[in-house]
Amino acid sequence: MSLLIAFSSYRRRGDAADIYFYRHDGKSAGEPVEAMPTDSPRNRVDYRPYLSADGRYCAFSWQYRESDPGGVGLWDRVEKKLVTLPDKNTTGADAQAALSGDGRWMVFAGWQRPGGKGGHDLFLYDLKKNELVPLPNLNTEHDEQMPAISGDGRWIAYVTNQPVESGGFNTPSRLLLYDREKSALVPMPGLSPGKCRDTEPSFSADGRYLAFASDRPGPDDPHGAGDIHLYDLHEKKLVPLPGLNSAGHDCQPAISQMGRFIAFTSERLDAPGQRDIFLYDRRESKLLPTPHINTPGEEFEPSITVLDPALES
Amino acid sequence: MPPFVNLGGMLDLGGVSPLGGAFNPISVPEPGKGEVSLPDFNPPANVAGARLERRRRFVDDFDGLREQVDGSETLRSRDATYQRALAMLATPAVRDAFDLNKEPRKLRERYGASIFGQSCLMARRLVEAGTRFVQVQWTERGGAGWDTHGNVLSGIFEMEQYLCPRFDQGLSALLDDLSSRGLLEKTLVVCIAEFGRTPRINARAGRDHWPHVFSGLLAGGGVPGGTVVGASDPQGAYPGHNPIEAGDLAATLYRLMGLNSLTDDRLRPFVKGNAIAEIV
């Protein structure tokens, strides 16, 4: 089994998500391998997993219902324990953690977190030095959220509602790309924002591909339900994904290190849950069977990593 | 056809309490996921035809005996509801109306594969077949739905990413579909909740309960399209002008159905308000 997928599901508790792990051979076979244990006495909700490239670490968001704002955590699949993150969590509501491929950097969104500029802001945590690292010129008084980070931690893609022009109001979500080396935004020609909502970016670890969800009208869906799109940062253009999207909502893409595989969430009539996880192979331009991954209990928010590099060579 | 059907699960608010349980709706908690099954209506494979009738007589005898012993309103209500459901079993037209597999796949996809989307489609089928009142309740297997306190997932995030797109897809498909079949003119579509959300976002990036001002949407059924009635204040906290009370909305709905709640003795005890002039 060469692929590892982490995902959220309500399958165990019904009204609260847990995180599960699933292995796949990159062709047609797959099996669930484990669930991340939760803090049952306090009924913690765990969601939005994000795997390191080696599959050992899984960043995730958590929340205790009806109580505190919630935060982000890091699960060590080898030691089977939570990793202590000194000086990370505060009274602000943190969520949407993403890991760099080497597992060193964790970027996350904080709501009204001290040190932010207002609304949702992005923060970067150095897991090697156990400290927060500034992101100069990134946060604004608008919302910055849903971050994705490249394998080497240099590039951060995220979603903002910053107006395209000053004075704009109710701007749809759009994607921005931040270069940590230059502490500046980098243009993405061909991704011009319009009236559509671009959200949920996912970086290939090599920093070349950016998968994202959007309600851009397209041939797969003339009615504006969400679809998955792929942007090539080298070629600076959108790349077709034949056979991936459906007429329903396709969202929450997670792209593998070199961009061959995309796991995503979809709402399809012939799947067992309201939301289910699918796996797309760009090389074969087709969906791969994912036996035993989906249930009526809903599966969503996948993260993917390729454990056998030969699969993407 | 059953006169009142609930799709997507009942709000736990006591049903139609003042009228008695016999007026409660037929409820289908989850319409249309793959092969549609209606466990409340489908007789077991070995129960059909004459055998079904024998079962009905048996139930009559049994419940009659119990009713003598109990004599309760609850049992009478249950009896009426049960009889109604049982009678429907034998009607192919009714079973067809509840079967989403009879719709083209393209149209089912247009509504969205969500419980809400498929509920909207079933609502159209039921209205088309003659059901007078269909209630679609937004249902979540997990999560909190529109109760966006932010205490399970971040409320605003959930609303933007998940709730609004699915609501938009299902509702727009329903209106388009009703319109293209010539049903919208005589079908009143009402989208409403029991309260709104706080104008301020809380510490969990969610919005809590707020009864002071919120929006509703009406379409079809004689409603002049594009009409906006009333407004909130700039903060979205309280009515800014032309406040509409719940009783006014109820009076408006009845008026659109041809009933004057000010003069109709059946409605006057329950409906306190005036129909909205801009709509009726």
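**Close-up 1. Salt bridges where chain A meets chain B.** In this predicted model, 2 salt bridges turn up across the interface of chain A and chain B. One pairs A:Glu267 with B:Arg166, and here the closest N and O atoms sit 2.2 Å apart.

**Close-up 2. The contact between the two chains.** Chain A puts 39 residues into the contact, and chain B puts in 32 residues. Together the chains bury about 3,100 Å², with carbon and sulfur atoms giving 49% of that area.

**Close-up 3. Helix H5 of chain B and its surroundings.** Among the buried ones are B:Phe116, B:Cys120, B:Met122 and B:Arg125. What do the buried residues of H5(B) pack against? Their partners in chain B are strands S1 (4-7), S2 (26-28) and S3 (133-136), plus helices H3 (92-97), H4 (105-111) and H6 (155-180).

**Close-up 4. A nonpolar patch on the surface of chain B.** Three residues make up this patch: B:Val190, B:Ile192 and B:Phe214, which together have about 240 Å² of accessible area. B:Phe214 belongs to the loop that links strand S6 (209-210) to strand S7 (217-220) of chain B. Its relative accessibility is 37%, so B:Phe214 counts as partly exposed; that class lies between the cut-offs of under 20% for buried and over 50% for exposed.

Notes: Residues are numbered from 1 along each chain as its sequence is written. Chains are lettered from A and ligands numbered from 1 in the order in which they are written. This is a predicted model: local features need pLDDT of at least 70, side-chain atom pairs count only at pLDDT 80 or more; totals for chains, interfaces and linings use all residues. Side-chain values use heavy atoms; hydrogens and water are left out. Patches are made of residues with over 30% relative accessible area and no salt bridge: like charges are joined within 9 Å, nonpolar side chains (Val, Leu, Ile, Met, Phe, Trp, Tyr) within 5 Å. Accessible areas come from the Shrake-Rupley method with a 1.4 Å probe; for residues, only the protein chains shown count as cover. A salt bridge is a side-chain nitrogen of Lys or Arg within 4 Å of a carboxyl oxygen of Asp or Glu. Helices (H or I, at least four residues) and strands (E, at least two) are DSSP runs, numbered from the N terminus. Buried means under 20% relative accessible area, exposed over 50%, partly exposed in between (1.4 Å probe, protein chains only). Contact means heavy atoms within 4.5 Å. Buried area is the accessible area (1.4 Å probe) that two parts lose on being put together, summed over both.
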